[in-house]
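Trainee: Could you show me how to read a few local features of a model, one after another?
Mentor: Gladly; let us look at it together.

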Amino acid sequence: METQNPNPVSPSSSPPPPPSLPPPPPHEEPDSKRLKMSTTTSDDPNTTTTERKPRYKRRKVAILFAYCGVGYQGMQKNPGAKTIEGDLEEALYFSGAVLENERGCPNRYDFARSARTDKGVSAVGQVVSGKFYVDPPGFVERLNSNLPAQFRIFGFKRVTASFSAKKFCDRRRYVYLLPVFALDGKAHCEGVKCLECLENGWRVYGAGFEGDVQSGISSNTSCAVSDSGCLDNGNGCKDGLNSESLIGEVQLVDNSSDLSKTGSDVEIQPDILSNTLSAVSDSDGKVENIASLDNGNGFKDALNPESAENSSDLGKKCDDNSGLDAANGGIVKENVFSYDDEKRQRFNKILKQYEGTHNFHNFTTRTKAADPSANRYIISFSANTTVTVDGMEFVKCEVVGQSFMLHQIRKMIGVAVAVMRNFAPESLIETALQQDVNINVPTAPEVGLYLDECFFSSYNKKWRDTHEEVSMKAYAEEAEEFKLKHIYSHIASTERKEGSVAVWLHSLDHRRYPDLRPEEKSEANEVAIPQTE
């Protein structure tokens, strides 16, 4: 018996539909991202957006600049002293190149200098390097605005990360502006007080006298008795002691109101016009005849009546090239010292002895002869050109070397000037460069010295394809303008006001520098000044 299915399925019926899925969630718009920086404000006045300062990266750069060294105690930073680096570091901080936590800590930003200049020494092509924030544009202008007028930042160059202004500097060129009269052996002689020094009231420390320049002199405005019975005019030219010229000097004495005293008062007697030369009397009226005077080269010239028959002969002894000027009443005409070809060749010959590798322990301080750092290499040393600044002529003494020690260039100039003035023999330089010889040499004033340029030849050659050249070529005109306006003018004005070189020349005496005495000179050949009661 068959049973029937209670729920029969017809063949034409379809399967039941699957269960329905839940509807998808509604689409929501994502929140807008907050901008990292905003340079605008919202339209809503109640809503403001704060501006965030842009963050700049450090750049390793070399800064090229110039400065006049007057009033500074040198380049290197020294606590308690006014230095070039001290003012430069402060300017870097206020210009935004250095962070506040790095202020006064140059090691943190890899600071280095290419040369250290001494007190009062200027520079035209100084270079320092470090990691600075030089962005945004206008870094040079910001830096100049935070420095005194005697500074000038020319620009900066992007350099490699390993660059150091000290280690990568191949050569350094210094220039010493030397007044032409310094090479004249008859100008500002030792032991003699000249007219220029007297008129300016410069304090002269020379042989046989010390203190104010007027002390012990016959007149405050007249020039002193010099070698061979002549009056030194302060420029290396002499006036003969004829009656007319001496009367003129006496008239100057009458106009003088102040006369320094050394032991006893001295004055020129107007009625004495003989060729006893000095006509100097003490307060008791007793006339003294000066028998001899040192001529500044270590030799004595007799000045008594037997040594000269008349005053015109004395005038000719001062300068063989002197002539009589008829328009001036027969007074001896003064000839100005000239740096001609003959003197240029001789001075260059003297300077050339420094070239090469030598031991310069006698040309610096606090360096022993056995110290390897005393050996320095001088590439070239010459004095071929002259410049005239404010009517004063200077010789440009250019020296190029790998590096220099403290006071080295100034002492090299001092010895060269002493040799040129015949105060020391030419063999002195060769002797002073020997390691086993210790001598005391003169040091020329610092005012005429300046750093002209630093060279990075090896670095520029190696990285010429990827980095800028570190040199002063792009700033040559600006550097020359700064040099003339600030450095040259300062050197000339200082010489006129203070007579730094003129006063220094008076200090070249053999009592202070006995090692500079010529070998052929002996005391037996000297004419001694007789002692007067």
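Trainee: Is arginine 366 buried or exposed?
Mentor: Arginine 366 has a relative accessible area of 76%, so it counts as exposed. The classes are buried under 20% relative accessible area, exposed over 50% and partly exposed in between, with a 1.4 Å probe and protein chains only. Keep in mind that this is a predicted model, where local features need pLDDT of at least 70, side-chain atom pairs count only at pLDDT 80 or more, and totals for chains, interfaces and linings use all residues. Residues are numbered from 1 along each chain as its sequence is written, and side-chain values use heavy atoms, with hydrogens and water left out.

Trainee: Where does arginine 366 lie, and what is its phi?
Mentor: Arginine 366 lies in the loop between strand S17 (356–359) and strand S18 (375–389). Helices (H or I, at least four residues) and strands (E, at least two) are DSSP runs, numbered from the N terminus. As for backbone angles, most residues other than glycine have a negative phi, and most peptide bonds are trans. Arginine 366 is not a glycine, yet its phi is positive, about 60°.

Trainee: Which peptide bond is cis?
Mentor: The bond from aspartate 135 to proline 136 is cis, with omega near 0°. Proline 136 belongs to the loop between strand S3 (122–132) and helix H2 (139–145).

Trainee: How many aromatic pairs does the structure hold?
Mentor: Rings of Phe, Tyr and Trp (its six-membered ring) pair if their centres lie within 6.5 Å; planes under 30 degrees apart count as stacked, over 60 as edge-to-face and the rest as tilted. The structure holds 17 such pairs. One of them joins tyrosine 67 and phenylalanine 151, a tilted pair at 6.0 Å centre to centre with 35° between the planes. This pair links distant parts of the chain, 84 residues apart: tyrosine 67 is in strand S1 (residues 59–67) and phenylalanine 151 in strand S4 (residues 151–158). Both tyrosine 67 and phenylalanine 151 are buried. Phenylalanine 163 and phenylalanine 168 also make a tilted pair, because their ring centres are 5.4 Å apart and their planes are at 40°. Phenylalanine 163 is buried at 2% relative accessible area, whereas phenylalanine 168, at 25%, is partly exposed.

Trainee: Which residues form one aromatic cluster?
Mentor: Phe65, Tyr67, Tyr72 and Phe151 do.

Trainee: At what angle do helix H6 and helix H7 cross?
Mentor: Axes are lines fitted to C-alpha atoms, for helices over the stretch in contact, and angles run from 0 to 180 degrees between N-to-C directions. The axes of H6 (residues 341–352) and H7 (residues 408–420) come within 10 Å and cross at roughly 135°. H6 and H7 are therefore oblique to each other; angles under 35 degrees count as roughly parallel, over 145 as roughly antiparallel, 65 to 115 as roughly perpendicular and the rest as oblique.

Trainee: Which residues make the contact of H6 and H7?
Mentor: Contact means heavy atoms within 4.5 Å. H6 contributes Lys343, Arg346, Phe347, Ile350 and Leu351, and H7 contributes Ala416, Val419 and Met420.
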